[in-house]
Amino acid sequence: MIRIVILTVALLAGGGAAWLVYGALSGGAADGPVAAAPAEIATTAVLVAAAPINRGETLGPGNLEWQDWPEAVVSDAAIRRDTQPDAIETYTDWTSRAGFLQGEPIRPERLVDGSGGLMSVLLSPGKRAVAMPISAESGAGGFVMPDDRVDLVHTVVRDAGEPISTTIISNVRVLAVDQMSETAEDGAAKVASTATLELTPEQVETLSNARNSGRLSLALRSVADFDEVQPEEVVAVAPEPPAPEPAMAAAPGPDDGEAPLSPARIRIIGSGNVETLEVDRREG
């Protein structure tokens with residue numbers, strides 16, 4: 001009997017302890033801090049390439065689409081739907097001057113409105129496309145590719161047989177190599193026979209004159225120097241000497257040794273008579 005009583009008390013005590021522990025745990029969880037919901041990120045729709053776009057490709061609804069981007073990372077150059085809701089229709093039939101990756105935001109400065117040929121689309125405003133023959137030796141071993149930057153080196157052989165080389169044009173953009181206006185996907189070197197360069201009208205004249213007086217070659221520039229600003233060429237022109245001022249003639253004195261002044265003649269007319277008198281100029 002005593003054992004039954006002890007067992008009953010033990011069971012009641014254990015149950016009470018378990019109930020107290022459960023209540024403490026459930027109450028603590030309810031009273032504890034609640035995780036805050038993540039803040040909503042503001043987004044905006046940006047015009048992007050729906051598929052890879054090649055340079056010179058015509059744009060249209062098939063390769064343009066709107067995509068939500070975080071507002072904080074959208075560039076000022078991007079085309080936004082809230083400011084240009086008709087952008088897809090606006091840029092349909094425009095031509096891409098540069099390639100776009102899928103999902104890359106479309107930038108207006110890399111597009112051109114027009115249906116001209118590919119080369120006229122690639123040219124920057126005010127520039128001219130000029131082709132020049134190259135070889136493995138004059139074209140940096142075939143490593144000159146479209147969109148590279150090069151220097152033009154002019155070499156002349158003097159009468160004594162000594163060659164003299166001079167860089168005549170710096171930091172020139174390569175538009176195409178042979179008929180290829182884009183770099184090959186594998187990036188392999190190509191021994192081409194023609195390079196098409198983007199030049200200013202003045203540089204075109206310089207290149208044309210250099211062709212007739214020597215040999216031209218291309219020096220490939222580092223990509224880190226593509227944006228290097230070239231100093232303007234200053235032609236030193238010697239100023240013309242000032243015109244000599246006319247010398248002031250000094251009044252000759254009696255000791256100057258110069259010929260004496262001729263006497264002045266004065267005519268006096270009166271009462272029908274004419275009389276001529278001679279007066280010395282040096283007299284007071």
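**Cores and salt bridges in a predicted model**

Buried residues account for 25% of the chain, which has 284 residues. The model is predicted. Its secondary structure consists of four helices and eleven strands. The chain exposes about 19,900 Å². Among contacts with a separation of 6 or more, 62% join residues 24 or more positions apart.

In soluble globular proteins, nonpolar side chains tend to be buried together. In this chain, the largest nonpolar core has 18 residues. M132, V150, L152, V172, L197 and L218 have the most contacts inside this core. Two or more residues come from each of β5, β6, β7 (163-177), β8 (194-199), α4 (201-211) and β9 (215-220). Strand β7 gives the largest share, four residues. M132 shows how such contacts reach along the chain. Leaving aside neighbours within four places in sequence, M132 is in contact with L152, S193, T194, A195, L197, R211, L216 and L218. A second core is separate and has 15 residues. Its members include A45, L64, W66 and I88.

T44 lies in strand β1, which spans residues 43-49. T44 is buried, with a relative accessible area of 7%. Which residues does T44 touch, not counting those up to four places away in sequence? They are Q67, D68, W69, E71, V74, R80 and D82.

Charged side chains were examined next. The whole structure holds eight salt bridges. In one of them, the side chains of R107 and E109 meet at 2.6 Å, N to O. R107 counts as partly exposed, at 35% relative accessibility. E109 is also partly exposed, with a relative accessible area of 39%.

Another salt bridge joins the side chains of D147 and R173, at 3.3 Å from N to O. D147 lies in the loop between β5 and β6, and R173 lies in strand β7, so the pair ties together parts that are 26 residues apart in sequence. D147 is partly exposed, with a relative accessible area of 38%. R173 counts as buried because its relative accessibility is 11%, below the 20% cut-off for buried residues.

D147 also meets R55. A polar contact of 3.1 Å joins the side chains of R55 and D147. R55 is placed in the loop between β1 and β2 (64-70). R55 is buried, with a relative accessible area of 9%. R55 and T95 are 40 residues apart in sequence, yet their C-alpha atoms are 8.0 Å apart in space. A network of salt bridges links R55, D147, R173 and E198.

R221 forms a salt bridge with D151, and their closest N and O atoms are 2.8 Å apart. R221 lies in the loop between β9 and β10 (264-270), while D151 lies in strand β6, so the pair ties together parts that are 70 residues apart in sequence. Both R221 and D151 are buried.

D148 gives a contrasting case. D148 is found in the loop between β5 (128-133) and β6 (149-157). D148 is buried yet has no salt bridge. How far away is the nearest side chain of opposite charge? That side chain belongs to R149, and it is 8.6 Å away. The side chain of D148 instead reaches the backbone nitrogen of M145, at 2.8 Å.

Notes: Residues numbered from 1 in each chain as written. Predicted model: local features only at pLDDT ≥ 70, side-chain atom pairs only at ≥ 80, totals over all residues. Heavy atoms only, no water. Buried < 20%, exposed > 50% of the residue type's maximum accessible area, 1.4 Å probe, protein only. Contact = heavy atoms within 4.5 Å. Areas by Shrake-Rupley, 256 points an atom, 1.4 Å probe, with all protein chains shown as cover. Lys, Arg positive; Asp, Glu negative; His and termini not counted. Salt bridge = Lys/Arg side-chain N within 4 Å of Asp/Glu carboxyl O. Polar contact = N/O pair within 3.5 Å; in protein donor to acceptor, adjacent residues only side chain to side chain. Core = buried A, V, L, I, M, F, W, Y, C linked by side-chain atoms within 4.5 Å.
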